[in-house]
Amino acid sequence: MRETREHIEAFDYYYSLGEFRSLGKVAQKFGKGNITVKRWSSEFHWQNRVQERDQQLGEQLILRTNEEILGFHEMNREIAKNLIQDYLDRVKDGKIKLHSIADWKRVVEIEQMIAGKIGEAGDDNMRSLAEVLKQSVERLYESKMIPPEYQFNNQGEDIHANK
């Protein structure tokens, strides 16, 4: 038997019933006998098609969910980038004074957490973060974004505090 539009519509209705799916409901809706609908189900492999469609819909849902998650992470990274740039601009303009390396470290840690880097590789990430932080601060000193009077030692203490 060749599948007709009526058979396809009957299957679509059958599928749409979800957990309340039954051949009897299809027979009633389409004005057919139970034996006829049972034959359609068998000939056109409705059970297999239900499983295939469930799998396809599940895969589509996973893809959509992953896209939404990626979009959320991208948005958070962009926000973090903008916040860090704003922070740097305020430091540069003298509106914010760095009192300890911990201030800058907190900003970098927030950006790293949003980017999903802290917590994935534990200590290695913290060592990498410390190295990046050290290099960033050195560049800030070199570019005069942090004036000498706000320089800190390796423990994050103001080197001019006791002077």
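**View 1. Methionine 75 sits in helix H4.** Helices here are DSSP runs of H or I with at least four residues, numbered from the N terminus. The model is predicted: local features need pLDDT of at least 70, side-chain atom pairs count only at pLDDT 80 or more, and totals for chains, interfaces and linings use all residues. Residues are numbered from 1 along each chain as its sequence is written, and side-chain values use heavy atoms, without hydrogens or water. Methionine 75 has a relative accessible area of 43%, so it counts as partly exposed. That class lies between buried (under 20%) and exposed (over 50%), with a 1.4 Å probe and protein chains only.

**View 2. Phe72, Met75, Ile79 and Leu83 make a nonpolar surface patch.** Areas come from the Shrake-Rupley method with a 1.4 Å probe, and for residues only the protein chains shown count as cover. Patch members have over 30% relative accessible area and no salt bridge; nonpolar side chains (Val, Leu, Ile, Met, Phe, Trp, Tyr) are joined within 5 Å. A salt bridge is a side-chain nitrogen of Lys or Arg within 4 Å of a carboxyl oxygen of Asp or Glu.

**View 3. The largest nonpolar core holds 12 residues.** Among them are Ala10, Phe30, Trp40, Phe44 and Val50. Such a core is a set of buried Ala, Val, Leu, Ile, Met, Phe, Trp, Tyr and Cys residues joined through side-chain atoms within 4.5 Å. Helices H1 (5–16), H2 (23–30), H3 (34–43) and H4 (46–92) each give two or more residues to this core. H1 gives the most, with four. Apart from this core lies another, of six residues, including Ile84, Tyr87, Val91 and Val108.

**View 4. Valine 37 touches Leu23, Val26, Ala27, Lys32 and Trp46.** Residues up to four places away in sequence are not counted. Contact means heavy atoms within 4.5 Å.

**View 5. Phe11, Tyr14, Tyr15 and Trp46 form a cluster linked by ring pairs.** The whole structure has four aromatic pairs. Rings of Phe, Tyr and Trp (its six-membered ring) pair if their centres lie within 6.5 Å; planes under 30 degrees apart are stacked, over 60 edge-to-face, the rest tilted. Phenylalanine 11 and tyrosine 15 make a tilted pair, 6.3 Å centre to centre with 40° between the planes. They are four residues apart in helix H1, so about one helical turn separates them.

**View 6. Tyrosine 14 in helix H1 pairs with tryptophan 46 in helix H4.** The two are 32 residues apart, so the pair links distant parts of the chain. Their ring centres lie 5.1 Å apart and their planes meet at 35°, so this pair is tilted. Tyrosine 14 and tryptophan 46 are both buried.

Notes. Patches are made of residues with over 30% relative accessible area and no salt bridge: like charges are joined within 9 Å, nonpolar side chains (Val, Leu, Ile, Met, Phe, Trp, Tyr) within 5 Å.
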